[in-house]
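Here is my note on the model you asked me to look through. Please keep the structure open beside the text and go through the points in order.

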Amino acid sequence: ATTLGAAAAEKGRYFGAAVAAAKLSDSQYVGILDREFNSVTPENEMKWDATEPSQGRFTYTNADRIVSHAQARGMKIRGHALLWHAQQPGWAQSMSGSALRSAMVNHVTQVATYYRGRIHSWDVVNEAFADGGSGARRDSNLQRTGNDWIEVAFRTARAADPNAKLCYNDYNTDSVNPKSTAIYHMVRDFKARGVPIDCVGFQSHLGTSLPGDYQANLQRFADLGVDVQITELDITQGSNQAAMYGAVTRACLAVARCTGITVWGVRDSDSWRGTDNALLIDRSGNRKPAYQAVLDALNAG
Ligand code: G3I
């Protein structure tokens with residue numbers, strides 16, 4: 001196949017990009033998006049600050065622009081993210097305790113219900129674990145409502161949209177390390193107790209080397225009985241970029257339960273990583289060596 005989406009589809013996977021609603025009026029951007037990708041993730045438009053700017057008042061205008069664009073073209077939609085310590089509206093940032101717990105549950109219910117049936121996978125909880133060696137939860141207003149907030153979020157999302165895959169999503173989880181292992185233990189516990197979780201997202205914001213156990217780490221999560229997805233892939237441009245993109249793609253294809261890859265933007269100029277030029281398409285809209293490496297990996301075998 002000659003595009004990322006079509007090549008991934010031949011392998012039973014999707015290939016997606018993070019999309020910004022404001023860029024849907026840029027014809028070069030839309031041309032590349034529609035040609036290459038068969039899944040989208042709204043980059044910011046489904047976050048709490050965007051969807052519930054004041055308590056109980058929900059706004060979906062920008063998210064709906066992306067959802068409409070995707071649905072009209074048969075693209076899958078990854079919902080991102082129902083709950084996160086960042087990009088909360090001001091009113092939620094200043095809440096705590098049972099009031100915040102109620103607001104959190106209502107937020108998940110309202111947003112997941114509004115999009116019921118249209119979201120392939122939801123990042124129900126994003127980035128709830130601390131970096132470093134502690135294996136602890138990240139401190140946040142949500143965490144301070146009680147350690148059970150994550151399972152409450154998953155049960156609430158399942159009730160609101162029973163057919164969406166429910167994911168836990170995080171970064172710095174690209175090898176077997178204390179953070180990924182703490183998440184592994186949570187997922188194992190959820191599966192053992194029947195807490196509804198279907199997938200784990202590995203953001204994979206990568207630098208200049210790929211951990212040697214990248215694939216093995218994906219596999220150990222898949223072996224718990226969840227799908228795995230690469231959800232926000234970007235890789236620093238350097239001598240290694242194309243080779244690393246190829247290796248990440250091959251790792252996903254080698255794990256039967258790795259169901260898709262999403263890159264975190266369309267062109268280098270669209271990326272939150274600025275001068276890292278971390279994506280597959282350059283600032284002029286041209287395919288980079290990294291693009292060819294991904295396409296070749298998808299087409300191999
Ligand atoms: O919408 C406002 C706009 O009105 C204002 O004029 C402009 C001025 O700065 O800011 C705009 O908001 C920005 C927003 O992106 C939309 O462009 C925020 O300042 C900016 O902080 C925000 O950055 C996003 C970041 O998450 C926020 O934490 C990035 O676009 C987005 O790529 C990034 O994505 C995260 C994932 O959600 C989770 N994983 C890590 C990843 C990278 O940080």
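1. Q87 is found in the loop between β3 and α5 (90-93), where helices (H or I, at least four residues) and strands (E, at least two) are DSSP runs, numbered from the N terminus. Phi of Q87 is near 50°, a positive value in a residue other than glycine. Most residues other than glycine have a negative phi, and most peptide bonds are trans.

2. Before going further, please note that this is a predicted model, in which local features need pLDDT of at least 70 and side-chain atom pairs count only at pLDDT 80 or more, while totals for chains, interfaces and linings use all residues. Residues are numbered from 1 along each chain as its sequence is written, and side-chain values use heavy atoms, with hydrogens and water left out.

3. A81 has its place in strand β3 (residues 76-84).

4. Which side chains have polar atoms at listed distances from a nitrogen atom of the ligand? A polar side-chain atom of E127 lies 2.8 Å from a nitrogen atom of the ligand, and for an N or O atom in the side chain of E232 the distance to a ligand nitrogen is 2.7 Å. N44 has a side-chain N or O atom 2.9 Å from an oxygen atom of the ligand. A polar contact is a pair of N or O atoms within 3.5 Å; within protein, one must be able to donate a hydrogen and the other to accept it, and residues adjacent in sequence count only if both atoms are side-chain atoms.

5. Two packed helices are described by the angle between their axes and the distance between the axes. Axes are lines fitted to C-alpha atoms, for helices over the stretch in contact, and angles run from 0 to 180 degrees between N-to-C directions. Helix α6 (residues 97-114) packs with α7 at an angle of about 30°, their axes being 8 Å apart, and the two are therefore roughly parallel to each other (angles under 35 degrees count as roughly parallel, over 145 as roughly antiparallel, 65 to 115 as roughly perpendicular and the rest as oblique). The contact (heavy atoms within 4.5 Å) involves, among others, M104 and V108 of α6 and W149 and A153 of α7.

6. Helix α7 (residues 149-160) also packs with helix α8 (residues 178-193), here at an angle of about 55° and with axes 12 Å apart, so α7 and α8 are oblique to each other. The residues making this contact are I150, E151, F154 and R155 of α7 together with M186, F190 and R193 of α8.

7. Helix α9 (residues 214-222) and helix α10 (residues 241-254) pack at about 30°, with their axes 9 Å apart, and are therefore roughly parallel to each other. Y214, Q215, L218 and Q219 of α9 meet V248, A251 and A254 of α10 in this contact.
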